[in-house]
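I opened my notebook to look up a few things in this structure. My notes follow in the order I took them.

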Amino acid sequence: MAQAKKIVMYLLIVFVLYTIITSPQRAAQLVQVGFEGISSAAQGVGEFMTQLIN
């Protein structure tokens, strides 16, 4: 099981590096979308906590 996990991680790393090398603009867009999603989620949690306090 641990061996399979290592193999999957290596394949994921190789895929990410391949994507960044072959199309850096698309990779940058994906990272931007990811960070925007995280930002929206954090903002939602902040609004939720504010509503709990009020």
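I began with a term: buried means under 20% relative accessible area, exposed over 50%, and partly exposed in between, with a 1.4 Å probe and protein chains only. I then noted that this is a predicted model, where local features need pLDDT of at least 70, side-chain atom pairs count only at pLDDT 80 or more, and totals for chains, interfaces and linings use all residues. Residues are numbered from 1 along each chain as its sequence is written, and side-chain values use heavy atoms, with hydrogens and water left out.

**Entry: Phe15**

I looked up Phe15 in helix α1. Is Phe15 buried or exposed? I found Phe15 exposed, because its relative accessible area is 53%.

**Entry: Tyr10**

Tyr10 also sits in helix α1. I recorded a relative accessible area of 56%, so Tyr10 is exposed. From Tyr10 to Ile53 I read 45 Å between C-alpha atoms, at 43 residues apart along the chain.

**Entry: a surface patch**

Which residues make the nonpolar surface patch of about 940 Å²? I listed Met9, Tyr10, Leu12, Ile13, Phe15, Val16, Leu17, Ile20 and Ile21. Patches are made of residues with over 30% relative accessible area and no salt bridge; like charges are joined within 9 Å, nonpolar side chains (Val, Leu, Ile, Met, Phe, Trp, Tyr) within 5 Å. A salt bridge is a side-chain nitrogen of Lys or Arg within 4 Å of a carboxyl oxygen of Asp or Glu.

**Entry: Thr19**

I placed Thr19 in helix α1, which covers residues 2-22. Thr19 counts as buried because its relative accessibility is 18%. Leaving out residues up to four places away in sequence, I found that Thr19 touches Pro24 and Ala27; contact means heavy atoms within 4.5 Å.

**Entry: the whole chain**

I counted 2 helices and 0 strands in the chain. Helices (H or I, at least four residues) and strands (E, at least two) are DSSP runs, numbered from the N terminus. The radius of gyration is 18 Å, well over the 10 Å that the globule rule gives for 54 residues, so the chain is more spread out than a compact globule. That radius is taken over C-alpha atoms, and the rule is 2.2 Å times the number of residues to the power 0.38. I noted a C-alpha trace spanning about 50 × 35 × 5 Å along its principal axes. Of the 54 residues, 4% are buried.

Methods:
Areas by Shrake-Rupley, 256 points an atom, 1.4 Å probe, with all protein chains shown as cover.
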